[in-house]
Amino acid sequence: MILPLCVRVGGVAHTRTAFFHLGRPSLLRGIVLAVAAFATSLRLGGFPDINALHSSHWQVFAAMVAFWGMVETARCLGRRWTLYYAGVLLLLYTDLMILAMAVVLFLFP
């Protein structure tokens, strides 16, 4: 089922966001997933206290969420080179760094 991009309610057009529609690409969803994975990974590694740094087996889930965010961001790439395409490519590199950090925190405390 394809949902329209906007809905009229009482003469006012309300746009539908793709954030909650998993079938549609959403750049916001990719960013939120990546930032949540970053914060969770740091917290699981014991980040605020430098003496309490440790490896956690739960880091695997943070890495999977980071990978999911990377896939969601990659779905937003267009076919032509534009500034939007360049911005999404920069976000993909950021997601790759978050994924690498989660894996490093999992393997080496």
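The backbone nitrogen of arginine 29 lies 3.2 Å from a polar atom in the side chain of serine 26. That distance falls within the limit for a polar contact, which is a pair of N or O atoms within 3.5 Å; within protein, one must be able to donate a hydrogen and the other to accept it, and residues adjacent in sequence count only if both atoms are side-chain atoms. Please note that this is a predicted model, in which local features need pLDDT of at least 70 and side-chain atom pairs count only at pLDDT 80 or more, while totals for chains, interfaces and linings use all residues. Residues are numbered from 1 along each chain as its sequence is written, and side-chain values use heavy atoms, with hydrogens and water left out.

Where is serine 26 found? Serine 26 sits in the loop between strand S2 (12-15) and helix H1 (27-44). Helices (H or I, at least four residues) and strands (E, at least two) are DSSP runs, numbered from the N terminus. With a relative accessible area of 7%, serine 26 is buried. Buried means under 20% relative accessible area, exposed over 50%, and partly exposed in between, using a 1.4 Å probe and protein chains only.

Glutamate 72 belongs to helix H2 and is buried, its relative accessible area being 3%. Leaving aside residues up to four places away in sequence, glutamate 72 touches Ser26, Arg29, Gly30 and Leu33; contact here means heavy atoms within 4.5 Å.

Let us now consider helix H2 as a whole. The expected span of a helix is 1.5 Å times one less than its number of residues. For the 16 residues of H2 (residues 59-74), this gives 22 Å, and the end C-alpha atoms are 22 Å apart, so the two values agree. The buried residues of H2 are Gln59, Ala62, Ala63, Ala66, Gly69, Met70, Glu72 and Thr73. Their cover includes H1 and helix H3 (83-107).

Which residues form the largest nonpolar core? There are nine: Ala34, Ala37, Ala63, Ala66, Met70, Leu92, Ile98, Leu99 and Ala102. H1, H2 and H3 are the elements that give two or more residues to this core, and H3 supplies the largest share, four residues. A nonpolar core is a set of buried Ala, Val, Leu, Ile, Met, Phe, Trp, Tyr and Cys residues joined through side-chain atoms within 4.5 Å. Leucine 92 touches Met70, Thr73, Ala74 and Leu77, again not counting residues up to four places away in sequence.

Methionine 97 and alanine 34 are 63 residues apart in sequence, yet their C-alpha atoms are 10.0 Å apart in space.

Finally, we turn to the chain overall. The protein chain has three helices and two strands, which run β-β-α-α-α from the N terminus on. Of its 109 residues, 28% count as buried. Among contacts in the protein chain with a separation of 6 or more, 52% come from residues 24 or more positions apart.
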